[in-house]
Amino acid sequence: MKIIKNIGLIIFLIGLGVFTVLPVIGTYELTPDSFQKFVANKGIKSKLFISEIETNVVGQSVVGMMAFSPKITEALELVNTTHRKNKEYKKIIYIGPHDMAAELGKTSGTGFIVQNKGLLWFLTFGLGIIGALLFILPNVILLGQKGVKNDGIYHQSSTNQGWIAWMVFLFLVSFYLVLYFRSEYAINWTYLVDPISESLSGNPAGHWFVYGFMYCTVMSVMAVRMYIKYRHNIYQIVRTSSVLFFQIVFAFLIPEIMVRLQMPYYDFKNAFPLDYDFFFQWNLKSLLNSGGIGVFILFWGVFLTLVIVPVMVYFFGKRWYCSWVCGCGGLAETLGDPYRQHSSKSLFSWKVERWLVHSVLVFAVVMTGLTLYSFFAETGTVLGLKTASVQNTYSLLVGAIFAGVIGTGFYPIFGNRVWCRFGCPLAAYLGFVQRFKSRFRITTNGGQCISCGNCSTYCEMGIDVRAYAQKGENIVRSSCVGCGVCSAVCPRGVLTLENGPEKGRINPTQVLLGNDVDLMELMNEK
Amino acid sequence: MQHIVIIGNGVSGVTLARHVRKLSDNKVTIISAETDYFFSRTALMYVYMGHMKFEHTQPYENWFWEKNRIDLVKGYVEKVDTLVKTVQLANGEEIPYDTLVIATGSKPNKFGWPGQDLEGVQGLYSKQDLDNLEKIAPNKEICKRAVIVGGGLIGIEMAEMLRSRKIPVTFLVREKSFWNGVLPAGESALINEHILEHHIDLRLDTNLVEIIADKNGNATAVVTDKGDTIECTVVGLTAGVTPNIDFLKTSGILLGRGVKVNRHLETSAKNVYAIGDCAEQHEAIGNRRPIEAVWYTGRMMGEALAQTLCGNPTEYAPGHWFNSAKFLDVEYQTYGWVFSERTKKDCEQHFHWRHHKEKICITMAYDKKSKLFLGINTFGIRMRHEIFDRWLTEKRTIEYVMEYLKDANFDPEFYKQYEEEVVAKYNLEQGTNISTKKKSWKRIFSKA
């Protein structure tokens, strides 16, 4: 069994290795034909740009994106500066340099990678999946009797912030930086999944399709790990299945198929304000121009946020979204599960959490307010603020850096819910409802707590669960995503997630059940 | 303002300190030689097993003590002088007190076995024990085999710890079946099976005769009363605990096995109290033992004594008995009294149900004649403390308990429920016709 695991690890690392070198290899040659198409498509009016690219890029075969990309970005920069200097504002090209490099690069790839998409898919995704499964499946036997199996978590480099964890950290952060800021380097990855993308939406894959496909793959494989690890705990099994279903079907398949059907790309479970650009002008316009389905989506998006979300939180707690439906939560609960113990439980972190997450919510709401005002008043500036720059700031700081780079990249070091805890505006909104108007709580079982701290250690949201449990108090915290792991790891059966009557849900106690009845009354009935 | 000095920073002493601070402005000092800050002793096993780091066992952050004006003194108390009201530390320092509280807990039992003080022989109680075990049993290469002596809760925990590092473990248990002085036969048998499933070499009905040393004074084998010699490098002594009160021998305070206290937790000396594992009631309370070495009783004594010290004299009056433990992968809870065959009275009748495959079972005790419900043991099913506490207060019959059993289930959502099966078996055995009532939030959360 150990041998199978090691073989799996080697296969996985080979797959990962191939995946990692792909961005920097391959040959690119921009044909005159595809360049002309590009110019026509984008309506590029700058003669200077066309001649620059034609002399420096078109028809030349270069090796590696490092050689290709700078030619495009430098040409673009040069051209735009020139036009600005000459006040030829109509000729300025408003396409991001790296978006342009990615778009031109995608049509320019030649050689082995482009001709062997299937083989390379197998050498990356295929080997990764096979290797990971070989590594994970022997646990059915190796873990022994079913039950909580956290042995050695703090002895292993990978799960105890050791060098392996730092390598994973580095890899994830770099991956997200490429994805958000240097998407031209993801072109070779897009070739691997072109066939899949074409079969779904009919279009070749972009880097976000790579990300979506990879997201589903990683979640599925790591869900297998969850099923094995928590095979004694049916709550975990049902929850994992749910989150996997919503990711694959709602976040991945349905939007792609909608594109094939000439409908707007839309993830029906992605609620505003997590879906922060829902009310952006381009989205509203696109929806309003899409006929009945567009209007339905517009209605659904508003209804989801204003009605479904709070009503469901009232009945089930915010867990129905955060750990049963949400994609971010889904990745955190599968890929992130081995790192859940790293969320800080200190009071200081809790303070930081409340300031940050609520600031992001305020930011999102204010930004959306500006956006809507701009939309209806048909103006670009509100109170001297340029709506577009507020939107860009939010997209960059919150959408890309916080949710992506930090949110997932920091898993191995700061725990798997960094984004959900410190940054997600939807989580903040759901948290208000959960804290003040909900039937959900984690019930503490009388006086059984022995203060061991397993619950706090394994809380991914950094809640000091023990602080409540050892006082016999129920846990009613806005940040709780209801993953149920505190209840699973409790050795004394002290905690359970429940939806019950609101009365008595918050039960501050001084003296715990089991002590002198009179004393309990004296101290607790205040 | 009084100066309250507490010896021992375990759960009893710390609970007392916290409550005194809430109720008064008295000066509070806690003295401990074990660790700088309070930690949860029950979690030491998880540190060795790699589930947690030591700092995770500390329920309060380090700034907590200063913020709440609880002074912490690291030192070993050598002497208590009740006449001049001071305690003397090993480093010569003297600390005066107005009120002294002894909360020094327990130490592992040693019954005079030859070789019990050798290197490689230890109990599992203190932080020092954990540190030492990490030294002598870091892995299966250095610790070729461990022998654990004493089949109680700490023994099985220590076996689980060592097995988590794949160290071969031989487990010597004096009784004919594991913990059968406490557990009824069916449950004890279930745990025997479970111990074997974990590849622990369980030797029932076996006593330790001596521990043999090598030439360096390290334990190298144990000899049992069955005539076996078992080679090993680590010996765990887990045959119960005894109050840790040797330092009080010259103090004049009345001692039995523990520090003798009355229901107000007062010792024989004025302004000196004792709480937790080290306190011994003059007369046992109900079916409880005079010395209760249980986590929550220590906490409850702290809660009660804080009242007394802050001007509201309060007896230590524990409610219905309850407890819990975990045997490897099997959780155990108990509410009320279920005695083993060895200790139960004639009028106590048992109903036992066991799952046909999983390690899940229930035993309920009731009065043969009146059918009064006396208590329940559950393995692999969680039960709601509040509900059983209420039913015991209301003196319900076993038939009532059966009928409303679903209200008491505390398992996580979606878990398979066994109440129907349990009640069906009871009906079959008793010729009754009880049908279970649906779980009702209203009943569960109504304060009776």
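Let's start where the two chains meet: 45 residues of chain B are in contact with 46 residues of chain A, where contact means that the C-beta atoms, placed from the backbone, lie within 7 Å. This is a predicted model, in which local features need pLDDT of at least 70 and side-chain atom pairs count only at pLDDT 80 or more, while totals for chains, interfaces and linings use all residues. Residues are numbered from 1 along each chain as its sequence is written, and chains are lettered from A and ligands numbered from 1 in the order in which they are written.

Helices (H or I, at least four residues) and strands (E, at least two) are DSSP runs, numbered from the N terminus. The largest share, 6 residues, comes from α7(B). By class, the chain B side has 19 nonpolar, 14 polar and 12 charged residues; Ala, Val, Leu, Ile, Met, Phe, Trp, Tyr, Cys and Pro count as nonpolar, Asp, Glu, Lys and Arg as charged, and the others, Gly among them, as polar.

Now step back to the whole of chain B. An automatic or database domain assignment divides chain B into domain 1 (3-107 + 242-309), domain 2 (121-239) and domain 3 (322-445). The C-alpha centres of domain 1 and domain 3 of chain B lie 35 Å apart.

Next comes a sheet in chain B. Its 5 strands form an open sheet in the order β21-β22-β25-β24-β23, with antiparallel pairing; two strands pair if DSSP finds at least two bridges between them. β21 and β23 (348-354) of chain B stand at the edges with a single partner strand each, so one side of each has no neighbour in the sheet. Within the sheet, 5 bridges join β22(B) to the antiparallel β25(B) (residues 373-379), and Q333(B) stands opposite T378(B) in β25(B). Helix α8(B) packs on the sheet, touching β21, β22 and β25 of chain B, and its direction makes about 25° with that of β22(B). Such angles run from 0 to 180 degrees between N-to-C directions, with axes fitted to C-alpha atoms, for helices over the stretch in contact.

Finally, visit chain A, where helices α11 (residues 207-229) and α16 (residues 327-334) pack at an angle of about 45°, with their axes 8 Å apart. The contact is made by Y215(A), M219(A), M222(A), A223(A) and M226(A) of α11(A) and G330(A), L331(A) and T334(A) of α16(A). By class, this contact has 6 nonpolar, 2 polar and no charged residues.
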